[in-house]
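User: I would like to work through a structure in a series of questions and answers. Please present it, and let each reply end on the value or name requested.

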Amino acid sequence: MSPQKKLPMEASKLDRRKFLKVTGLAGAMLAVGFDTLALGSGNSTLKKLMPEDLIKGTQLNPFVTINAQGQITIMAHVPELGQGISQGIPAIIAEELGVSMNQVTIVKASASRQYGRQSIGGSRSVRSLFTPMRQLGASTRSVLVQAASNKWGIDPSKCEVKEGVVYRKGTSDSLTYGDLVANASKLELPKSPSLMDKNDFKIIGKATHRPDLSGKVNGSADYGIDAQTEGLLYATIERCPTLQGAVKSYDETAAKSVKGVVEVMKVTRTVYGKKNTGIAVIAETYYAATEGRKKLNVKWDNVEFSKISTESLDKDMLKLANEEGLKHFEKGDFEANKVKMLTQDGSEFLATNYYLPHVSHTCMEPMNATVHVREDNTVEVWAPSQSPQVQRNFARQLGIPDNEAEDKIKVHLPYLGGGFGRRSMNDSLEECFEISKTLRKPIKLIWSREDDTTQGPFRQSSVHRMSAAFNSAKEPTGLQHKVVSQAITTQGRASNGRVPFEVMEAINTHYDIENLSVRFSEYKSQIPIHWWRSVFGSTNAFPHESFIDEIAIVGKKDPLQFRKERLKSEPRFIKVLEKLEKESKWNQKLGENEGKGVAIVESFGSIVAHAVFLKKENGQVTIPRVVSVVDCGIYVNPDQVKAQTEGNIIFGLTAALKDAITFKDGAAQQANFDTYRMLRMNEAPKDIQVHLIENNEAPGGVGEPGLPPIAPALGNAVFNLSGKRIRILPFDLQSI
Amino acid sequence: MASYKLNINNKEYTVEAEPQTPLLWVIRDEVGLTGTKYGCGIAQCGACTIHLNGSPVRSCSLPVSAGANQNITTIEGISDDNSHPVQKAWLEVQAPQCGYCQSGQIMSAVALLNDKPTPSDEDIDQAMSGNICRCGTYNRIRKAIHVASKETTNGSK
């Protein structure tokens, strides 16, 4: 986004100490805690206090405020879900601004179009904001330098900046940003400021401690579910097991007989055009609401949605795997080559299916939202959302014109207890808004873990028809990857003959195989799907990289060497493979009861390779070591890149080794952590090493790219250890 | 509805609640200490872990009546200023990502170190595998426990 015109802003005269919850020294995170918002009566304007209202100083642009003492506040506008972005973006601004992180106080912003886009997903925050935020920081530095050079009557080139101080070169004159900000605010921010030389970066590229972690080790960090306000009521919703279905009957009287229950009402959320209706119980305590919900005895009219099962879904998808499907990528002519190979002596043709199930996002913080629609149609929202700019949506439902939406509807950005894509859908906000709009009271809606696991939307399930043709020298001459699955963006409408952009993530067509074909057949089902960490990378990479191993093994090649040979035209892939080979000691001979597997995947702008090591000991198979190499181009915080990669490994291993979401009579069968199990500490690889490639390439994604390669690397290691080829996920590691 | 005296972090609170209300919700909503989290409600995930008379318990599965007149410690009570060795270690290794599970993780870790000041990896597995982390911070948590253990047993600051 281009730097906004300066808006000199005097912050509110409210006593800062009274309202702020300081969690550390300068440079720490200031979050406007919910207790500040509980002050005052229902009519009090204090209730609409937003973090921006409390910042004192002169605002040079929506992100940067500096006071006369030189204290610098930078707004963290991208919702923080654990990826460290609440530090990452301010760090980019601070770098070009010419200050150190110790001089900066980061404040979590509220939702507002003044910040540009605030939705997160697709591992794109640093990718898309790197240059714009550098420009913002640089242009802000530029007006401060201009103010100094104006004061001294010299050219700006005779000034230099160090840690928030402008120095007049060759003299002992200096002026701090605090001295300069008032005058700087009168100057126009340049549209194309000169940016720093990357070699001069002091912040970007360094492992800096995240300020938000201070509050996350003492319980003070504010998550959506932690919203507190005067007169808060709690809601829970009894939901249809098949998601879609009409309410036939329910016992409102019985629910209301529970002490503390205040209201019972129908509520609807929209999921890709489909209405999911439930019965909400609203009460003075969450416990009373859940007790009331138990007494509802809802009867559903949902026979038409009760017909599908995992078996029926899988059968349908397998049928589609036999069809030609839509073309995505065709190099050479796979079909002609196949025919040719089948008539040649000594040639081989390999065809097999891979399968992945539906899985759930399972954020540790279950879906929730807190909304207060007041009698005067002003609204306040506390919701852990990946797409927080909901003002216009709500405004239109209240008859408020778009240009008054942000004035009348305030949206806080609490921390998210995990997002993984699930929180980019605002269905829980929609439900909560509906309840509060009806009752005109502040409502906290909490989804139970059971609701969260069974109600979707889910990660897609998929079938992959993998085939390869080999010549008499056992070299592959053709490879085809046919994907059968639902698509996210085309739910709720008919297929239009085009391959939806999201479904081809992570399918590597760089492999040097003469005839390479990638095709797609879209499956339609009633099961709603949504963005899940690495999206189609989480399903496509497993068959693709497992099958590359199958191909290598036909020719008796070492899988890592095979990849180096077949990707030799791609220098970035080769650098990653060579580093992995070295760091994992790949060529070292393993013991009898050990196995190793490799996979390399490009997704969301980065290349990640994992080497997984297995050991069988005392009848138990464990994963003692995973070695990873990440090429994400220029990175802001290397420790956070490693942390995200470690997390991706655990997330991906859970999906490969733990439970699927299966369906029977149209309903999900797994509801809580007893039947939908997560990988635990004792099952995690004890030794995870992540190595970063150093280069000057544009920033690639970090939040997702580490996930796609872990399942195939694991599967390849299983084959290496046991000779058993895993083609269906999840699988039991102890049964190999 | 009944009245309960709760001693939380060395402070007395009197709350009104139905006797079967899980202690978790009373701590969060009646007392206002929201550091203890709801993750599953069936004692499977550990996000709700508190100390009852020094022992780690799952507050989602304990009725408020059982918490009355006991010594309860929540995440807010282990220090005033992030100075507990476990908190310092957590920050040193940068353990949390989204952070939602970390209150429970820390409470379990504090209880472990009170019981076993120099835990082995097996001890850590045993004590900590009841706490789920969806962000996958297990290895950093393990490292932090070893760091905290060193600081405590060395008596160093």
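**Helix packing, backbone geometry and a pocket**

Analyst: In this predicted model, α3(B) and α6(B) are oblique to each other.

User: At roughly what angle do the axes of α3 and α6 of chain B cross?

Analyst: The helices concerned are α3 (residues 85–92) and α6 (residues 138–154) of chain B, and their axes come within 8 Å. α3(B) passes α6(B) in a right-handed crossing. The pair is oblique because angles over 145 degrees would count as roughly antiparallel and 65 to 115 degrees as roughly perpendicular. The crossing angle is roughly 130 degrees.

User: How far apart are the axes of helices α4 and α5 of chain B?

Analyst: α4 (residues 102–115) and α5 (residues 121–128) of chain B pack at an angle of about 130 degrees. That angle makes α4(B) oblique to α5(B). α4(B) passes α5(B) in a right-handed crossing. The distance between their axes is 10 Å.

User: Is A:S534 buried or exposed?

Analyst: A:S534 sits in the loop between β23 (515–522) and α15 (537–554) of chain A. Although A:S534 is not a glycine, its phi is positive, at about 75 degrees. The relative accessible area of A:S534 is 0%, and under 20% is the range for a buried residue. A:S534 is therefore buried.

User: Which accessibility class does B:A43 count as?

Analyst: B:A43 is a residue of the loop between α1 (23–30) and β3 (49–52) of chain B. B:A43 is not a glycine, yet has a positive phi of about 60 degrees. Its relative accessibility is 28%, and the class between 20% and 50% applies. B:A43 thus counts as partly exposed.

User: What separates the C-alpha atoms of B:G35 and B:G77?

Analyst: B:G35 also lies in the loop between α1 and β3 of chain B. With a relative accessibility of 0%, B:G35 counts as buried. B:G35 and B:G77 are 42 residues apart along the chain. Their C-alpha atoms are separated by 10.0 Å.

User: How far apart in space are A:N102 and A:I72, C-alpha to C-alpha?

Analyst: A:N102 is placed in the loop between α3 and β6 (104–108) of chain A. At 61% relative accessibility A:N102 counts as exposed, since that class begins over 50%. In sequence, A:N102 and A:I72 are 30 residues apart. In space, the C-alpha to C-alpha distance is 9.7 Å.

User: What is the C-alpha to C-alpha distance between A:I204 and A:I93?

Analyst: A:I204 is found in the loop between α5 (177–184) and α6 (213–216) of chain A. A:I204 is buried, with a relative accessible area of 4%. A:I204 and A:I93 are 111 residues apart in sequence. Their distance in space is 9.9 Å.

User: By how much are the C-alpha atoms of A:A487 and A:T645 separated?

Analyst: The loop between β22 (476–485) and β23 of chain A holds A:A487. A:A487 counts as buried at 1% relative accessibility. Along the chain, A:A487 and A:T645 are 158 residues apart. The separation of their C-alpha atoms is 26 Å.

User: How many charged residues are in the lining of the second largest pocket?

Analyst: The second largest pocket has a volume of about 940 Å³. Of its 46 lining residues, the closest to the centre are A:G121, A:G122, A:S123, A:R124 and A:E704. Helices α3 (85–97), α4 (125–152) and α18 (638–657) of chain A each supply at least two residues of the lining. By class the lining has 18 nonpolar and 22 polar residues, and the charged residues number six.

Conventions
Residues are numbered from 1 along each chain as its sequence is written. Chains are lettered from A and ligands numbered from 1 in the order in which they are written. This is a predicted model: local features need pLDDT of at least 70, side-chain atom pairs count only at pLDDT 80 or more; totals for chains, interfaces and linings use all residues. Side-chain values use heavy atoms; hydrogens and water are left out. On a 1 Å grid over the protein atoms alone, a cavity is a set of points where a 1.4 Å probe fits but cannot get out, and a pocket is an open set with protein on both sides within 12 Å along at least five of seven lines; lining residues have an atom within 4 Å of a point. Grid points are joined across faces, edges and corners, and a volume is the space filled by probe spheres set on the points. Helices (H or I, at least four residues) and strands (E, at least two) are DSSP runs, numbered from the N terminus. Ala, Val, Leu, Ile, Met, Phe, Trp, Tyr, Cys and Pro count as nonpolar, Asp, Glu, Lys and Arg as charged, and the others, Gly among them, as polar. Buried means under 20% relative accessible area, exposed over 50%, partly exposed in between (1.4 Å probe, protein chains only). Axes are lines fitted to C-alpha atoms, for helices over the stretch in contact, and angles run from 0 to 180 degrees between N-to-C directions. Angles under 35 degrees count as roughly parallel, over 145 as roughly antiparallel, 65 to 115 as roughly perpendicular and the rest as oblique. A crossing is left-handed if the near helix is turned anticlockwise from the far one by less than a right angle, and right-handed if clockwise.
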